[in-house]
Amino acid sequence: MTDYELSSVKKVIGTHFKKAAELSCYLREHPELPDQEFESSRKMVEILKEAGFEVTYPFAGYETAFHALFDNGDGPEVAILAEYDALPEIGHGCGHNLHGSLSVLTGLALKDLKEFYRGKVHVIGTPAEEENGAKIGMAAQGIFDNMSLAMMMHSWSGGKCRADMDALSLQCYFVEFYGQAAHAVAAPWEGKSALAAARKFLDLIDARRECFTPDVHVNSIILDGGKAPNIIPDYVKLRMEFRTATMKSMGAVDEMVKKCADGAAMALDCTVKFTSVFEFADMVRNMTLEEEIIRQFEAFGMPTTGVEAASGSSDVGNVSYRCPAIQPLLAVTDEDYALHTAAFRDATALPQAEEAMEKGACILALTALRTFNDEAFRNKVYAEFQEQVEKRK
């Protein structure tokens with residue numbers, strides 16, 4: 001990176017910054033739930049179309065997804081991922097308004113920097129990260145397979161940025177038990193209680209907990225537990241999620257969960273059905289990319305700290321199995337706020353948060369430029385990606 005490139009990046013980011021800040025404010029004040037982000041996605045699409053991107057909207061089978069392409073000739077391909085869904089009741093308590101706008105800002109800057117590289121810039125709108133994760137389906141469709149890099153930043157707090165966000169793999173199921181209804185007093189012997197089978201299933205899961213490895217977490221809720229207490233329930237529906245450190249270890253937990261369900265169903269003369277809702281992958285981390293991001297944070301005077309052990313899940317993990325990917329955590333405030341809170345939502349409106357968004361967009365743009373132009377760096381990143389994915393098989 002030359003000083004001229006750095007000054008050019010800062011200049012074009014500054015040119016588009018007001019538009020991105022206004023977008024972040026609009027999204028914060030008009031939050032939309034997962035898969036309902038019609039106005040949020042439309043706003044982003046309008047900005048990118050006006051800038052000259054070739055836009056496909058809707059995209060990949062999702063009504064509120066989009067794909068904005070700037071084709072700058074033969075060369076590497078880089079994807080900038082944008083999120084914009086909000087949470088029930090508290091709105092943008094995860095900061096998607098800010099870091100989604102940051103992604104759009106990065107895309108606008110890279111188009112204006114076209115004299116510095118050859119290749120393709122993809123700004124991809126990815127709905128429903130808080131629910132079923134559109135990046136999961138996009139990854140399965142092969143959308144990221146030819147990318148040299150896919151990246152975004154995620155809003156954070158506490159004054160120190162992190163080079164990446166680690167993530168646990170997650171499997172979500174609907175688990176349905178089927179039995180036989182009967183009057184609970186007049187003829188209970190004619191019934192087969194789906195509720196009793198579901199309860200025993202959960203008991204068996206609990207009995208297995210003492211042998212779980214530390215990375216395994218299993219949680220369930222009952223969505224339908226019967227219609228009336230004087231009727232033996234013939235149908236019960238649960239929603240179950242379990243998390244593991246890697247996709248590789250998920251198979252063993254999946255087998256254990258299904259054994260517990262089959263055993264409970266057999267003991268109570270019921271049947272059971274599993275329906276997969278979604279499957280988040282763990283994050284395939286890339287130390288070469290993380291070192292580059294740390295270097296960039298430090299160059300912009302932004303303190304960093306180490307990547308924390310995974311305690312949640314993200315659909316960026318699914319992308320990271322298809323191409324090199326990174327999701328740095330951008331500290332938008334010195335105060336320490338928990339994600340998914342009204343306090344963090346309000347913090348994204350502070351001047352410090354907007355300043356962090358501007359610097360974050362510079363960092364992503366510079367990382368993209370290095371990926372486009374530095375073949376040795378690009379090859380090192382890809383070789384590490386292949387090695388890490390192979391280890392997880």
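The model described here is predicted.

Strand E8 (residues 169–178) and strand E12 (residues 235–244) run antiparallel and are joined by 10 bridges. Along this pair, Ser169 stands opposite Thr244 in E12, and Glu176 has Lys237 in E12 as its bridge partner. E12 also pairs with strand E10 (residues 217–224), again antiparallel, through 7 bridges. Here His217 is opposite Arg243 in E12. Sheets of this kind are held by backbone hydrogen bonds between strands, which pair either parallel or antiparallel.

How is the chain divided into domains? Domain 1 consists of 1–165 + 281–390, and domain 2 of 167–278. The C-alpha centres of the two domains are 38 Å apart. Where they meet, 13 residues of domain 1 are in contact with 10 residues of domain 2. About 930 Å² is buried between domain 1 and domain 2, with carbon and sulfur atoms giving 57% of that area. On the domain 1 side, Glu131, Asp282 and Ser313 supply 43% of the area buried against domain 2, more than any other three residues.

Another open sheet has 6 strands, ordered E1-E2-E4-E3-E5-E15, and its pairing is mixed. Its edge strands are E1 (54–56) and E15 (325–326), each of which pairs on one side only. Strand E5 (residues 149–151) runs parallel to E15, and 2 bridges join them. In this pair Ala150 stands opposite Ala325 in E15. Helix H3 (residues 96–112) packs on the sheet and touches strand E2 (66–72), strand E3 (77–82) and strand E4 (119–125), its direction making about 150 degrees with that of E3. Helix H10 lies across E3, E4 and E5, and runs at about 175 degrees to E5.

The axes of helix H2 (residues 38–50) and H3 come within 10 Å and cross at roughly 10 degrees. H2 and H3 are therefore roughly parallel to each other. Met44, Ile47 and Leu48 of H2 make the contact with Gly100, Ser101, Val104 and Leu108 of H3. By class, the residues of this contact are 5 nonpolar, 2 polar and no charged.

H10 (residues 351–373) meets helix H11 (residues 375–392), their axes coming within 6 Å and crossing at roughly 100 degrees. That angle makes H10 roughly perpendicular to H11. In H10, the residues Arg370, Thr371, Phe372 and Asn373 meet Glu375, Phe377 and Arg378 in H11. The contact of H10 with H11 has 2 nonpolar, 2 polar and 3 charged residues.

Definitions and conventions
Residues are numbered from 1 along each chain as its sequence is written. This is a predicted model: local features need pLDDT of at least 70, side-chain atom pairs count only at pLDDT 80 or more; totals for chains, interfaces and linings use all residues. Side-chain values use heavy atoms; hydrogens and water are left out. Axes are lines fitted to C-alpha atoms, for helices over the stretch in contact, and angles run from 0 to 180 degrees between N-to-C directions. Helices (H or I, at least four residues) and strands (E, at least two) are DSSP runs, numbered from the N terminus. Angles under 35 degrees count as roughly parallel, over 145 as roughly antiparallel, 65 to 115 as roughly perpendicular and the rest as oblique. Contact means heavy atoms within 4.5 Å. Ala, Val, Leu, Ile, Met, Phe, Trp, Tyr, Cys and Pro count as nonpolar, Asp, Glu, Lys and Arg as charged, and the others, Gly among them, as polar. Two strands pair if DSSP finds at least two bridges between them. Domain bounds come from an automatic or database domain assignment. Buried area is the accessible area (1.4 Å probe) that two parts lose on being put together, summed over both.
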